[in-house]
Structure formats: structure tokens, C-alpha cells
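Here is a briefing for a reader new to this structure. Take a look at the sequence and model first.

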Amino acid sequence: MLADPTGAHAAAFAAVFATLYAAHQVADHWIQTQHQADCKGQPGWSGRLACAAHVATYTGTAVLALVFLIAGTGLRLDPSGVAVGLGISAVTHYIADRRTPLRWIADQLRKSPAWLDKAGGMYALDQSWHVGWLFIAALFCAV
């Protein structure tokens, strides 16, 4: 990456990350329907479709948030970078919300079943997974 003596790239990244994080909170906790929350981790097509519907509204919320960011600040983003970033966010969100992949990773890392199942551990791993990938997505969006 080329040097950015003005800090414009870092500022764009920070603004995009904050925007995607805010959109994540709204989409995961307000926009997601109860049906999607209850069914997205179930096996079979009903679970896959519920998860896909959640990811679609989640991604739509992120797009809308970025539109507001651009309109409010005049920030210029490359549409192809945004598309890649939002694609990364959508795919990784789907993977996590299907539940089985995250549980498998937690098991491989020998996370305590008691912590995972009774102390909110799976929720903490889910949310930290999402935020970590939002960081990567913001890097692509702000290119």
C-alpha cells in the first residue's frame, strides 16, 4: 500500500468501519425477524433460507448505512471495493449464523462446553466473529 500522508485512507477506513459496526448492531438485533433468529441455524432448507433472508436484510442495512455515510460526509468509495467488502461480510455472516461452523471451530479450540452453552459463550463468539470480519470488510470498502 502506498503511503497516505494526509491520513485520508485511514479516516475513510475508520468511518466505514464505524458505519458497518452500527449497521451490524441494528441489523442483527432490530431488523432480523424472530423467525430468522429462531430458524437460521436449523438443518435443511428451512434453516438455509431463514439464514439467507437474514443475511439479505443485514446486507441491505449495511448498504443503506453506507449511503447515509456518503450522503452525510461526501466520502467517496470505490463501488467495486464496497461490493467486495459487503460480499465478505455477507458470506462470513452466513457461515457464522448457520451455527455449526462456529461450534466446530469452538470445539477445535477446546472452548469449554459449559461456557459456550450456559454463559453466553456462543453469542460472544458469534458477535466477535462478525466484528472481526467487519474490520476486513471495511478495509476493502475503504480502498
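The notes below cover cavities, then salt bridges.

This is a predicted model, where local features need pLDDT of at least 70, side-chain atom pairs count only at pLDDT 80 or more, and totals for chains, interfaces and linings use all residues. Residues are numbered from 1 along each chain as its sequence is written, and side-chain values use heavy atoms, with hydrogens and water left out. The structure holds two cavities of 30 Å³ or more. It also holds five salt bridges.

**Terms for the cavities**

- A cavity is a set of points, on a 1 Å grid over the protein atoms alone, where a 1.4 Å probe fits but cannot get out; lining residues have an atom within 4 Å of a point.
- Helices are DSSP runs (H or I, at least four residues), numbered from the N terminus.

**Largest cavity**

- The largest cavity holds about 40 Å³ of space.
- Its lining is made by Tyr58, Ser89, Thr92, His93, Trp129, His130, Trp133 and Leu134.
- Helix 4 (79-97) and helix 7 (121-141) are the elements that give two or more residues to this lining.
- Helix 7 gives the most, with four residues.

**Second largest cavity**

- The second largest cavity has a volume of about 40 Å³.
- Leu20, Tyr58, Ala62, Leu86, Ser89, Leu134 and Ala137 line the second largest cavity.
- Helix 3 (44-73), helix 4 and helix 7 each give two or more residues to that lining.

**Salt bridges around arginine 99**

- A salt bridge is a side-chain nitrogen of Lys or Arg within 4 Å of a carboxyl oxygen of Asp or Glu.
- Arginine 99 pairs with aspartate 97 in a salt bridge, with the closest N and O atoms 3.7 Å apart.
- Arginine 99 also forms a salt bridge with aspartate 126, at 3.4 Å from N to O.
- Arginine 99 lies in the loop between helix 4 and helix 5 (100-108) and aspartate 126 in helix 7, so this pair ties together parts 27 residues apart in sequence.
- Arginine 99 is partly exposed, at 34% relative accessible area (partly exposed lies between buried, under 20%, and exposed, over 50%, with a 1.4 Å probe and protein chains only).
- Aspartate 97 is buried at 0% relative accessibility, and aspartate 126 is buried at 6%.

- Arginine 103 and aspartate 107 meet in a salt bridge at 3.4 Å, N to O.
- The two residues are four apart in helix 5, so about one helical turn separates them.
- Arginine 103 is partly exposed at 26%, and aspartate 107 is partly exposed at 40%.

**Network**

- Salt bridges with shared partners join Lys40, Asp97, Arg99 and Asp126 into one network.

Definitions and conventions. 1 Å grid on protein atoms, 1.4 Å probe; cavity = no way out; pocket = protein on both sides within 12 Å on 5 of 7 lines; lining within 4 Å. Points joined across faces, edges and corners; volume = space filled by probe spheres on them.
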